[in-house]
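User: I would like to learn how to read domain packing and a ligand site in a model like this one. Could you take me through it step by step?

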Amino acid sequence: MEKDVMKDIMNDVKKYQKAEKLKKWRDEVEPIPWYFDGLENLCDRIHPGKLFLQVSDVKQLSLDTKLFRFISAKPKKLLAPFRSGQYIGLTVEINNIKTSRPYSLASSPNQLAYYELGIKKKEGGFVSPYLFENLKVGDILESTEPMGNFYHNPIFHGNDLVFIAGGSGITPFVSILRDISERVLPLNVWLFFGCLTEKDILFRDELDEIQERRPNIKIKYILSEPKPEWTGARGFISKEEILNKIGSIKGKFFYIVGNRAMYQFIQAELQALEISRHRIIYEAYGVPDDVTKIMGWPEEIDASKKIHITVDLIRKGKKETAIIEASCVEPLLNSLERARILGYQLDNGCRSGECALCRTKMRSGKIFVPPEVIIRESDQEFGFIHPCVSYPISDVHIDLSLT
Ligand SMILES: Cc1cc2nc3c(=O)[nH]c(=O)nc-3n(C[C@H](O)[C@H](O)[C@H](O)COP(=O)(O)OP(=O)(O)OC[C@H]3O[C@@H](n4cnc5c(N)ncnc54)[C@H](O)[C@@H]3O)c2cc1C
Ligand code: FES
C-alpha cells in the first residue's frame, strides 16, 4: 500500500516536472500568451493614438471643396476602425506653425483600405485654404485616431432619423448613409441638405443613387440661391419643409451638422416644432467666425485689445514661464500655436469644446466661452478651461506644466 502511494507521488512529481519543462519551453518559444498578444494588438488597432496618412487620390467635388483619399503611410500600420459620423484631427505645419483641424470621415466604415475627407476651402481660413491649394498625392500628414460622439446610437436614437446638413456638413452623413445602405440597416432616414446653388450639392450622384436603391432613405435638397430653372425647394431648411416631408415628429431623432449660424437657425425651427433638446445631436463645425457677434460677448471689450498670457510650461525638463501676446477674438489655443512657445503641440481633437483633450489649468484671468459650449462642472470648479473655445478677455495665467 505504502509502495503504491509512493509510486503515485513520484508519478505526480514527474508530471509536474514535465509540465514545468513544457511551460519553460512555451515561455521561451511563446513568451506572450496568444490571448494577451491578440488583445494588445486589438487595442492598438482601435486606439492607435495617432496615425500617419498618405494622400492617395484627390477629387474636386465643387468649386471650393475637394475630396481627399488617404491610405496608411505605414504599410504595417492599418487604419483604425471608426463609427460612421466620427472625425479625425489633421495636423499641418504652415509657416512653421503647427496646428490641427478636425474633419469628418466621409468614407464607409465597412472598409479600411482608405479614409476619405471632404474639405471645403473657407474664405479667410488658415488651414482649409492651405489643404485645398497644396495637398497632393503622396503627401503625408499626421492625424488623431477617429474621435467623436456623432454617430447612431440605436438605444437612445431609435430607428427614425432626421439628418439636417448645411454645405460641407454633409460629410459625416455621407459616411452614415453609405453604412446604412451597404449593411441594409432597418433605419428610416430623412436627409435635408441645404446648399447655396445646385453646383454646391456635394456627393449628389451618390446620394441620388442611394435614395433610389434604398426606399427607407429620403433626401431633400434645399437651395438658398438657386438658378431660376431649379424646380426643387428654395430658401432655408424650415420647420414647414421638415414637417411636410417627415409627417410627424413622433419618435424621430434629429442630427444637425453645419456652421454655428445654421445650427442656431435650425435649433429655433426644431424648438418651434416642440422637439425636445434631448432628441437632437449636433456637430458644430468649428469656432464662430466672429466671436463678438455671439450672445453674451461682453460688449465693453475692445476687439482690437491685446491680451497678455502668462504660460507656465516645462521645457527640457525644467519649469519655465513665458509671456505671449494674444487677441481677445481668437481662441487661446490658436494664440498659443501662433506664438510657437511650446515646441510641441498641445493635445487637441475637436477644437470645439467637446473632446476635452486640450483641458488646461487657468490660474487667473477671465475668458469668454460661447454659451452653447458645455464645460464639465468639475472642470469649472477646479479652474480648468478648454483653450480651443476660450477667448481671453483679460490678462490670463495658464499652467501647461500640468498637462
Ligand atoms: C467635428 C468637426 C468636423 C468637421 N468636419 C469638416 C469637414 O468634413 N469638412 C470641412 O470642410 N470642414 C469640417 N470642419 C471644419 C474644419 O475643422 C475647420 O474649422 C475648417 O476647415 C476651417 O478651418 P480654417 O483653418 O480654414 O479656418 P479657421 O479655423 O477659421 O482659421 C482661421 C483661424 O486660424 C487662426 N489663424 C489665422 N492665421 C493664423 C496664423 N498665421 N497663425 C496661427 N493661427 C492663425 C486664427 O485663429 C483664425 O481665427 C469640421 C469641424 C468640426 C469641429
Ligand atoms: S480640442 Fe476638444 S475640447 Fe479642446
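**Domains and ligand shell**

Analyst: The centres of domain 2 and domain 4, taken over C-alpha atoms, are 26 Å apart; the bounds, from an automatic or database domain assignment, are 47–144 for domain 2 and 306–399 for domain 4. This is a predicted model, in which local features need pLDDT of at least 70 and side-chain atom pairs count only at pLDDT 80 or more, while totals for chains, interfaces and linings use all residues. Residues are numbered from 1 along each chain as written, chains are lettered from A and ligands numbered from 1 in written order, and side-chain values use heavy atoms, without hydrogens and water.

User: What area is buried between domain 2 and domain 4?

Analyst: The size of an interface is often given as the accessible area lost when the parts come together. Here, with a 1.4 Å probe and summed over both parts, about 810 Å² is buried between domain 2 and domain 4, and carbon and sulfur atoms give 48% of it. Tyr 87, Ile 97 and Ser 100 supply 41% of the area that domain 2 buries against domain 4.

User: How many residues surround ligand 1?

Analyst: A residue is near a molecule if one of its heavy atoms lies within 4 Å of it. By that rule 26 residues surround ligand 1, with Lys 122 and Glu 330 among the closest.

User: Which polar side-chain atom lies 2.8 Å from an oxygen atom of ligand 1?

Analyst: A polar contact is a pair of N or O atoms within 3.5 Å. One such atom belongs to Arg 101, and a polar backbone atom of Gly 118 lies 2.8 Å from a nitrogen atom of ligand 1.

Technical notes. Polar contact = N/O pair within 3.5 Å; in protein donor to acceptor, adjacent residues only side chain to side chain. Buried area = accessible area lost by both parts, 1.4 Å probe.
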